[in-house]
Amino acid sequence: MFLRLPFWHTATSTMGTALPRGQLTATGTFSLQQPLNYRAGGRVEPVDGGQTEDVYEPATGRVITKLLCSGEKEVDLAVQSAKAAFQTWSRTSGMERCRVLLEAARLIRERRDEIATLETINNGKSILEARVDIDISWQCLEYYAGLAGSLAGEHIQLPGGSFGYTRREPLGVCVGIGAWNYPFQIACWKSAPALACGNAMVFKPSPFTPISVLKLAEIFTEAGAPKGLFNVVQGGVATGQFLCHHPDVAKISFTGSVPTGVKIMEMAAKGIKPVTLELGGKSPLIIFSDCSLENAVNGALMANFLTQGEVCCNGTRVFVERKILDTFTKEVVKRTQKIKVGDPLQEDTRMGALINRPHLERVQRFIKQAKEQGAQVLCGGDLYVPDDPKLKNGFYMQPCVLGNCRDDMTCVQEEIFGPVMSILPFDTEEEVVERANNTKFGLAGGVFTRDIQKAHRVVAALKAGMCFINNYNISPVELPFGGYKSSGFGRENGRAAIEYYSQLKTVCVEMGDVESVF
């Protein structure tokens with residue numbers, strides 16, 4: 001879920017809002033009438049459910065489609081579809097799976113701009129970021145395609161010529177439950193290792209962002225995957241509960257909030273199902289006085305304002321050594337004020353719209369509370385209304401920097417999930433490490449310093465699953481991603497994810513006669 005291009009990058013592409021194959025889409029013009037479920041190789045309406053939810057274009061506040069939530073019967077049909085496909089897919093060789101995943105990656109790469117435009121329309125993030133998200137998505141599929149053919153057990157020699165061996169086997173039907181901040185990318189992060197290991201998947205996106213994952217489902221089918229290998233069910237809490245309780249579901253992977261993660265873990269426990277939980281964060285970003293100031297400022301912007309600040313691992317607690325506090329703060333404020341907010345489909349936009357009105361209001365309440373508790377708004381924080389009339393009902397705000405913050409403030413303790421940076425001074429390495437770890441979360445952390453020994457010493461002391469040295473929010477698919485403490489457990493990406501989508505079978509072979517003690 002991470003951008004490789006910085007905020008100060010100047011985009012030169014003019015590909016803008018054009019969709020391939022003749023479809024042109026600009027902000028405020030998109031609408032969708034097609035079914036949003038995908039089962040057995042095609043788009044379908046759910047057979048039951050009934051509850052509908054509006055799906056918005058954050059940039060304009062328009063309703064672009066209506067989502068029909070899936071009921072228990074539809075969930076069962078999707079699981080059975082996946083179960084049938086699993087019987088075929090699990091018997092294929094790793095090289096056969098490799099070829100399908102490589103073809104799917106090629107198709108995503110070929111349709112990059114189309115998928116990125118859909119992502120921007122439904123999520124609100126800038127088209128610049130969305131394109132990078134899609135690049136990371138096809139890279140993820142390519143990476144696990146490369147691993148699919150190498151998955152193997154091991155041979156163990158035992159006394160007397162006997163031996164044992166292990167088999168790495170798939171789990172079965174896996175459930176992926178995605179978040180709204182990186183809809184397409186999260187679907188790829190979950191499906192790529194699952195399918196590489198021989199599993200099938202039923203995926204439930206956030207009801208706020210149901211659109212782009214349908215493209216992934218269609219691409220898997222077009223790439224040669226068995227129909228039903230990757231199914232999509234739409235819905236909210238009730239649909240997720242049906243999936244978690246279903247007896248034929250073997251594993252659940254969830255990205256989202258801590259309270260929902262707790263509930264999913266409770267439901268999975270009743271069926272003794274393994275879970276991967278990628279939950280919230282309130283990550284520390286530590287800026288030492290011996291850093292490269294320009295690089296540290298760039299890192300702080302990357303750690304706070306990607307996807308309108310709606311990123312779980314953002315480094316929103318920015319600890320700055322007191323010696324450079326004023327200089328750093330002044331430069332961060334100057335750079336933040338220059339971030340262009342507006343139409344996310346415009347090439348020069350660097351911050352689009354938040355996901356919906358309730359979330360925008362929630363972020364505003366955090367800022368109001370911070371001021372009441374003594375924080376100083378150094379810039380931003382207000383609602384933003386673009387000049388373009390078609391954007392007047394969009395969910396925009398100006399990126400915010402808070403100064404005069406203390407560790408006990410709500411804005412420092414709780415995940416805001418919006419474009420709000422809190423700056424806190426510190427004096428010593430020991431002090432800042434203790435304060436950085438004083439949180440229920442443990443998803444990420446970052447350090448900026450020219451002293452490489454100090455950098456490694458500090459990240460070793462941080463209680464966080466993903467740490468950055470002199471960069472932030474750079475997460476190649478080759479590296480495992482996941483958290484400590486209330487930020488969850490299990491890992492996405494890297495070879496580590498293979499462990500969470502497969503199981504080991506041990507076989508012991510006796511070459512002589514069994515010696516009985518009876």
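The second largest pocket of this predicted model has a volume of about 320 Å³. A pocket is an open set of points, on a 1 Å grid over the protein atoms alone, with protein on both sides within 12 Å along at least five of seven lines. Grid points are joined across faces, edges and corners, and a volume is the space filled by probe spheres set on the points. This pocket is lined by 18 residues, and Arg-97, Leu-151, Arg-168, Glu-169 and Pro-170 lie nearest its centre; a lining residue has an atom within 4 Å of a point. Helix α2 (94-110) and strand β6 (163-170) each supply at least two residues of the lining, and β6 provides the largest share, five residues. Helices (H or I, at least four residues) and strands (E, at least two) are DSSP runs, numbered from the N terminus. By class, the lining has six nonpolar, eight polar and four charged residues. Here Ala, Val, Leu, Ile, Met, Phe, Trp, Tyr, Cys and Pro count as nonpolar, Asp, Glu, Lys and Arg as charged, and the others, Gly among them, as polar.

Residues are numbered from 1 along each chain as its sequence is written. Local features need pLDDT of at least 70 and side-chain atom pairs count only at pLDDT 80 or more, whereas totals for chains, interfaces and linings use all residues; side-chain values use heavy atoms, with hydrogens and water left out.

The largest pocket has a volume of about 1,100 Å³. Its lining comprises 39 residues, of which Trp-180, Phe-254, Gly-256, Ser-257 and Thr-260 lie nearest the centre. Two or more lining residues come from each of α7 (237-245), β10 (249-255), α8 (258-270) and α11 (357-372), and α8 gives the most, with six residues. The lining divides into 18 nonpolar, 14 polar and seven charged residues.

The structure also holds three cavities of 30 Å³ or more, a cavity being a set of points where a 1.4 Å probe fits but cannot get out. The largest cavity has a volume of about 70 Å³. Of the 16 residues that line this cavity, Pro-284, Ala-436, Ala-444, Lys-463 and Ala-464 are the closest to its centre. Seven nonpolar, five polar and four charged residues make up the lining of the largest cavity. The second largest cavity, with a volume of about 50 Å³, has a lining that includes Gly-281, Lys-282, Cys-312 and Phe-417. That lining has four nonpolar, four polar and two charged residues.

Helix packing was examined for α4 (residues 127-148) and α5 (residues 183-196), which pack at an angle of about 5° with their axes 9 Å apart. Axes are lines fitted to C-alpha atoms, for helices over the stretch in contact, and angles run from 0 to 180 degrees between N-to-C directions. The angle makes α4 roughly parallel to α5, a description used for angles under 35 degrees. Among the residues that meet, Ile-134, Cys-140, Leu-141 and Tyr-144 belong to α4, and Phe-184, Cys-188 and Trp-189 belong to α5; contact means heavy atoms within 4.5 Å. The residues of this contact divide into twelve nonpolar, two polar and one charged.

Key. Angles under 35 degrees count as roughly parallel, over 145 as roughly antiparallel, 65 to 115 as roughly perpendicular and the rest as oblique.
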